[in-house]
Amino acid sequence: MVSEHYSRGFADADLGATFATATFGNGVVAIASGVLANAVVTQFGLVAPFGLAIVFFAAAAAVVCATWGENYGQTEKTEKCEKSGYFGSLMASMSLILNDYRMFATGMTQSLYEGAMYTFIFMWGVSLETISAKNETAVPYGIVFAAFMVSTMLGSCIFTAFREGCPRLGLKKVEPEGILLLSLILGASSFIGIILFGVSVSDCENILLITIQKHVEMLLFASFNLFEFSVGLYFPAIGTVRSMYIPEKVRSSVLNVFRIPLNLIVVIVLFKVCESPFAGLISSRKTSDLSEKFIWTICVFLLISTIGLQVSVKVWEKAEYTALSDGKSL
């Protein structure tokens, strides 16, 4: 999308708005999909939405074939990478990453945040089912998913408001790095809420905890929506930051490098957590209960790590600026 944005002659300053509009549009389609899927499941069963999805896939393929152009690249470096093969391209990308801390921090932030996000996608249904089973209620997955997408759309709208500012309300323009940091903080906070409200307190005698237990399903749902709100902020923010720190001519090969830790995070968290020697440090519960809480705890640490990376970028930039200033004064 970045390449198409520039090839059509749009201004650099409009790139954030492009990402925000894309995120908002994705939310609109996702809301309609969630409501439609919920209705189809009610009428025809759990498998019906997958069959219906084939129709939309076919329509999307037709639109792509009719309207999309191919991005063949536009630089000599791209051709050199292709001639050097996959290994040569990988080594060239690694060299670029190691020589630019901002590129490294941006890529790792994307890997860690999206690793937590994909874990959330796999786990939110499990957590809601656990609470719903205790309350003997069914989870309306389509409606829940639509609500998540509303939160994502709201996040993208807030991103646009932050970027444009509002002098009448005293709201100054916020740089994309600041919005990205805010999304990471909100994401970490949401996972902490999921841990707190996803743990059963039904055996506690504390009146406050008993009161919370009566509303734990809604509190857990609110924590989920807070994370989706952070996603709405995150995607346009990280897209804009990537365009600032990772050149278009090497962006594809560089981001491929960071897909490696992203995929490793998802695989390890989902399939190895029950075998972790550190699992016993989290709780003394049974393995089935423990693994769920342990997974959410890992997500918290992943997002705290991204916050550290973004803060370290500011420290690195300040140190670099100081060094350059000292060099000029000599």
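In the predicted model, the side chains of glutamate 317 and lysine 314 form a salt bridge, with an N to O distance of 3.9 Å. Both residues lie in helix H11 and are 3 residues apart, so about one helical turn separates them. Lysine 314 is partly exposed, its relative accessible area being 43%.

Glutamate 317 also takes part in a salt bridge with arginine 102, where the closest N and O atoms are 3.7 Å apart. Arginine 102 in turn meets the side chain of aspartate 100 in a salt bridge of 4.0 Å, N to O.

The two partners in this last bridge fall into separate accessibility classes. Arginine 102 has a relative accessible area of 24% and is therefore partly exposed. Aspartate 100, at 19%, counts as buried because the value is under the 20% limit. In total, 3 salt bridges were counted, and Asp100, Arg102, Lys314 and Glu317 are linked in a network of such bridges. In general, side chains of opposite charge can pair when their charged atoms come close.

Leaving aside residues up to four places away in sequence, phenylalanine 162 touches Leu171, Lys172, Lys173, Val174, Ile179 and Leu182. For valine 174, which is 12 residues from phenylalanine 162 along the chain, the separation of the two C-alpha atoms is 5.3 Å.

Definitions and conventions. Residues numbered from 1 in each chain as written. Predicted model: local features only at pLDDT ≥ 70, side-chain atom pairs only at ≥ 80, totals over all residues. Heavy atoms only, no water. Contact = heavy atoms within 4.5 Å. Buried < 20%, exposed > 50% of the residue type's maximum accessible area, 1.4 Å probe, protein only. Helix = DSSP H or I, 4+ residues; strand = E, 2+ residues; numbered from the N terminus.
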